[in-house]
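This briefing concerns the structure shown below. Please read it alongside the sequence.

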Amino acid sequence: MVVLVSSTGLTKAQISDWDAPWRGAEHTYTFTVTDNTNPVRWYVTTGSDGTGLVEYGLATTYSFVTPTGTVTDDVLTGVDEYSVKIKWGAEVPVDTDYYVWMEVDDNSSGCTNKMAVKIHTVATAFDALIVNVTDAEGGVDPWTVLAGDASLDGATCPEDPETPINNDGGTDTYDAGQSTIVFRVERQFSLNKWDIGFSITENNSKPFVVEKIVATGDNTGDITVADAATGTVNANAADNKVLVYVTVSNQPGVTLDLNFNLVKAQTIDVITSAEDNNGTNNLATHQIKPMPVINGFTGS
Amino acid sequence: MTFVIIILSLASASGQGAYTVVLNSNIKYEVAANADVKTYVWKIYTDKDLSIEANTSTECELSIVSGEPNAIKVKWLGDGEYYLTLYATGLNDCTNKKAWKYTVVSTPTIIFNEIASFDCADDEYKFAIDIVAELKAGIALADTQYPLTVDYQVTIGGTTTNHTTDVAYDDQLLNIEGVTEDIGNDKIYSIEIIGATTKLGGEINLGTNITHTRTIYALPPVSTINHN
């Protein structure tokens, strides 16, 4: 009987890998066995020699995802089960070695073989980063456009006035309207429920009005957020990315240099309470250029 | 006859709802010149969505004001509702637009307040007649439309002379020329308004009482008395 090792990981780019999993990540580990209908046992240890059996099913350890066999005393026992999906615990220690073992008994000879693969939980804890993905022409896909893409606009003109007519049933009914900019917040090194604490400021302390904030996760859709310059987006575990649409009131004649800040202490892995550990990728800026002022209208 | 007078401020930036303009008025509109603007474009639409441009032959005529791109002259040619719209493009290529709603009316009228007056012949030939100019029944023409220019005819004994004079808002009086007085003979003049326009060239229609009869009575004859 020959036992070969293979494993497959999640296909998300730049994220968890089978031998460097993130907290909460799921990966499939497969050993190739040339004989069939053999009893197998799966377990995880901390020692490369098979010592240090890891307790099964804790948030700080791991669990099997819909195994065919049964888990007793921290060992999964099955037949012909040469591939398992492991979900690493939401609070599994980072930067730690583990060994995933499969033992197989030859059902005719009774001989046993076993093999392990080493994994090392990712060293870095939760990190959230932000990118301005506003495109005035509306041609880019905000979910996938890379930071620095030439189509992205770090400065845009305001959108058209909402009510251009100045005397429509009343006095001074003109409404300059509003403009919407969009940021993409991504998480790394965690697959747990996460919070995005944000604060929108203006570089020169000019007053501005946030009319609306709309947040949407890449897997779960709209997330309710208060319409305010500071707040928290409660992102779901299934969402790796969240688009945050920020709508601000237009102010003719005024340049707005807006900063969308991720507030480190409020941007967290909700399960582990780990705070965003990298503050260097927490700021995205956008300038709303001034639309010209039209005033002093007279007719003689 | 009593009138209910409501004063409207027309063609100015303080109205509530649409501004009212008298048909055929020729008005210069402008906004404060903005050094951050590279182009101004003026248009007039007939719909609230600012998509259907007015007909420049039948509805309104726009004329540029040389050296003043922030201004436009509009001659209003047809009754109706219009949206005078300004598009401004900044040096940074950002744009803004603003529109003002106008209602063009051809309802103004002018009449004499009295159809007849009398005087005794003397050396003072000048006199004036009250006029009443309304935007529509019960609503006086606003001060911004004055002075009015009134054309009138003076007729006596088959001879007619034509005259033009301005009427000021403050007194609403049509000062009459072309009348002379004779202490020895009665004179009866017929004075008729034949046309009137606002300060802005807007058309004022002739109402019902546009003829006034001015009777100037001769003085009773007095001759010398002989005394001895």
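Which residue stands opposite F112(B) in β10(B)? The residue is I131(B). The structure is a predicted model, in which local features need pLDDT of at least 70, side-chain atom pairs count only at pLDDT 80 or more, and totals for chains, interfaces and linings use all residues. Residues are numbered from 1 along each chain as its sequence is written, chains are lettered from A and ligands numbered from 1 in the order in which they are written, and side-chain values use heavy atoms, with hydrogens and water left out.

- Strand β10 of chain B spans residues 127–136; strands (E, at least two residues) are DSSP runs, as are helices (H or I, at least four residues), numbered from the N terminus.
- Of the 10 residues in β10(B), 7 are buried, where buried means under 20% relative accessible area, exposed over 50%, and partly exposed in between (1.4 Å probe, protein chains only).
- Strand β8 (residues 109–112) of chain B runs antiparallel to β10(B) and is joined to it by 4 bridges; two strands pair if DSSP finds at least two bridges between them.
- Strand β14 (residues 173–176) of chain B is likewise antiparallel to β10(B), with 4 bridges, and L174(B) is the bridge partner of I129(B).
- Strand β11 (residues 139–140) of chain B is joined to β10(B) by 2 bridges in antiparallel fashion, with K136(B) partnered by I139(B).
- β10(B) and β11(B) form a hairpin with 2 residues between them, and G138(B) in the turn has a positive phi of about 90 degrees.

**A sheet that spans both chains**

- An open sheet of 4 strands has the order β21(A)-β2(B)-β5(B)-β4(B), with antiparallel pairing.
- Its edge strands are β21 (298–299) of chain A and β4 (60–64) of chain B, each of which pairs on one side only.
- The link between β21(A) and strand β2 (residues 26–30) of chain B consists of 2 bridges, and G299(A) has Y29(B) as its bridge partner.

**Interface of chain A and chain B**

- Chain A contributes 26 residues to the contact and chain B 36 residues, contact meaning heavy atoms within 4.5 Å.
- About 2,700 Å² is buried between the two chains, 56% of it from carbon and sulfur atoms; buried area is the accessible area (1.4 Å probe) that two parts lose on being put together, summed over both.
- In chain A, the residues that lose the most area to chain B are N167(A), I294(A) and F297(A), together 31% of what that side buries.
- Between the chains, 12 residue pairs are in polar contact, both residues at pLDDT 80 or more. A polar contact is a pair of N or O atoms within 3.5 Å; within protein, one must be able to donate a hydrogen and the other to accept it, and residues adjacent in sequence count only if both atoms are side-chain atoms.
- The side of chain A that touches chain B comprises 13 nonpolar, 10 polar and 3 charged residues. Ala, Val, Leu, Ile, Met, Phe, Trp, Tyr, Cys and Pro count as nonpolar, Asp, Glu, Lys and Arg as charged, and the others, Gly among them, as polar.

**Salt bridges**

- The structure holds 13 salt bridges over all chains, each a side-chain nitrogen of Lys or Arg within 4 Å of a carboxyl oxygen of Asp or Glu.
- D168(A) lies in the loop between β11 (155–156) and β12 (178–188) of chain A and K48(B) in the loop between β3 (37–45) and β4 of chain B, so the pair joins two chains.
- The rule finds 1 salt bridge across the interface; D168(A) and K48(B) meet in a salt bridge at 3.0 Å, N to O.
- D168(A) is partly exposed, at 23% relative accessible area.
- K38(B) and D93(B) form a salt bridge with their closest N and O atoms 2.4 Å apart. K38(B) belongs to strand β3 of chain B and D93(B) to the loop between β6 (80–90) and β7 (95–105), so the pair ties together parts 55 residues apart in sequence.
- D119(B) and R214(B) meet in a salt bridge at 3.5 Å, N to O. D119(B) lies in strand β9 (residues 116–120) and R214(B) in strand β17 (residues 211–217) of chain B, so this pair ties together parts 95 residues apart in sequence.
- D119(B) is partly exposed at 23% relative accessibility, whereas R214(B) is buried at 8%.
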